[in-house]
Amino acid sequence: MRGLVLEGGGTKGAYQIGAYKALRELGMEFQGVTGTSIGALNGAYIIQNDIEIMEDIWLSYDYTHFINVDEEFYEKYKNIDFTAKNFNSVIGLINKAVHNEGIDISPLRELLQKTLNEEAIRKSNKDFGLVTVWWDRKINPHPMYIEDIPQGRLVDYLIAGASLPIFNLEKMDDKLYLDGMFFDNIPVSLLEDKGYKDIVVVRLIDDYLGKRSLSKYQDINIKTIVPSEYLGGSLNKDRNSVEKNINLGYLDTMKAYNRYEGIKYYFNADYKFDENYCFEKFKNMEKETIESLLNILSIKREPTLRTLMENVIPKVGELVGLPKEFSYKDLFYCIYEKKLEENNINRIRLYDINKVVDVVNRNIDCNKMLSSNFEVKPFMSLQKNKIAKILTNCLIKDFVRQD
């Protein structure tokens, strides 16, 4: 059985919408879904099989449909990051909540009651789980499956499991509930206990604690989708932020399953630019190019193929920001991506690598891109990358010569 686990993280959860859309396009079916906090809310709509409603809620409903605060308060706090390790930064808000002056989330309850179909979720024949925690002078974790939740109380428990301590907390069944992140923000165990061995995890925060939590599952095949950049504040419901995160979730997921290629950017998979093609590009460099590279890098060696492969290529990879173990294909793509970065070209969209290579190659001498070919923002000169820029220009000129 294949399961889906959705991490908690406030309005960063928009990322999971894009990720799930990609997973669905890839033909993946999930027999069970578990989540914490916003992950559980998203998971409920997925089990309900209403991703269209879920996407509409994210895109069309502003913060007033989730929390009852004035605009000044929202603008002040929307970009605060409510992770467990950062709670000191919002201690004032927490103190207000303790004195029953927390943020009113009754609009969220109304929205869930209007759009969630508890009966459809119960009849889906799919496993659904969430994490709740109740407070009695200590943390009392209480992970739950849909069958553990009393009939008609799903919305109550979803809200209980998403109750950040800055919200106006209400007791339920004489218990004070907190956000499930205080126990398990990535509830793989709920699916493991049901016998799942194939699990996709969609994260919202690329942190050490989450990685360590996942590392303990040695007997499960876990595929992790991780955001390629910071997703913003935990209360940010601005449409531009939501749209960006949905798009990023989609693109990151397609890249994770090798449907898209690239290092920082996203390109349609093109089998022309495979490892062998890229290796040949580097191997066939002119002696004069190697000499130039050695001079730029201050490497005092003979301009031989061995020097290129053993000394120059690793150093170039380091300077352009690649990890220690990189392929020739990685470096080839990264070289062309650097030209996109230098021209401040939007990263979060899909490009045609053939078109990028063609445009860069045709304009390398003047070191400019054609704005008609890319949606270029105002040009920015990145002086801190001057050496990398010289290196990439040198390499691309040799690639052009080879063509």
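Let me begin with a group of four charged residues, Arg109, Arg153, Asp156 and Asp173, which are linked in a network of salt bridges, where a salt bridge is a side-chain nitrogen of Lys or Arg within 4 Å of a carboxyl oxygen of Asp or Glu. Please keep in mind that this is a predicted model, in which local features need pLDDT of at least 70 and side-chain atom pairs count only at pLDDT 80 or more, while totals for chains, interfaces and linings use all residues. Residues are numbered from 1 along each chain as its sequence is written, and side-chain values use heavy atoms, with hydrogens and water left out.

In one of them, Glu147 pairs with Lys194, with 2.7 Å between the closest N and O atoms. Because Glu147 lies in the loop between β4 (139-145) and α8 (154-160), and Lys194 in the loop between α9 (188-192) and β7 (198-202), this pair ties together parts that are 47 residues apart in sequence. Glu147 is partly exposed, with a relative accessible area of 48%, and Lys194 is partly exposed at 29%.

The other pair is Glu342 with Lys339, whose closest N and O atoms are 2.8 Å apart. These residues are three apart in helix α15 (residues 328-342), so about one helical turn separates them. Glu342 is buried at 8% relative accessible area, and Lys339 is buried at 1%.

Let me turn to cysteines. The structure holds zero disulfides, a disulfide being a pair of cysteine sulfur atoms within 2.5 Å. Cys278 is buried with a relative accessible area of 0%, and Cys334 counts as buried at 6%.

Next comes helix α11 (residues 239-256), which has 18 residues and reaches 26 Å from its first C-alpha to its last, close to the 26 Å expected at 1.5 Å a residue, where the expected span is 1.5 Å times one less than the number of residues. The buried residues of α11 include Ser241, Val242, Leu248, Tyr250 and Met254. What do the buried residues of α11 pack against? They pack against α1 (14-25), α3 (51-60), β8 (221-225), β9 (260-261), β10 (266-268) and β11 (350-351), with contact meaning heavy atoms within 4.5 Å. Just after α11, Asn258 takes a positive phi of about 60°.

Finally, a word on the whole chain. Its secondary structure comes to 17 helices and eleven strands, and 52% of its 403 residues count as buried. Among contacts between residues at least 6 apart in sequence, 73% join residues at least 24 apart.

Methods. Buried means under 20% relative accessible area, exposed over 50%, partly exposed in between (1.4 Å probe, protein chains only). Helices (H or I, at least four residues) and strands (E, at least two) are DSSP runs, numbered from the N terminus.
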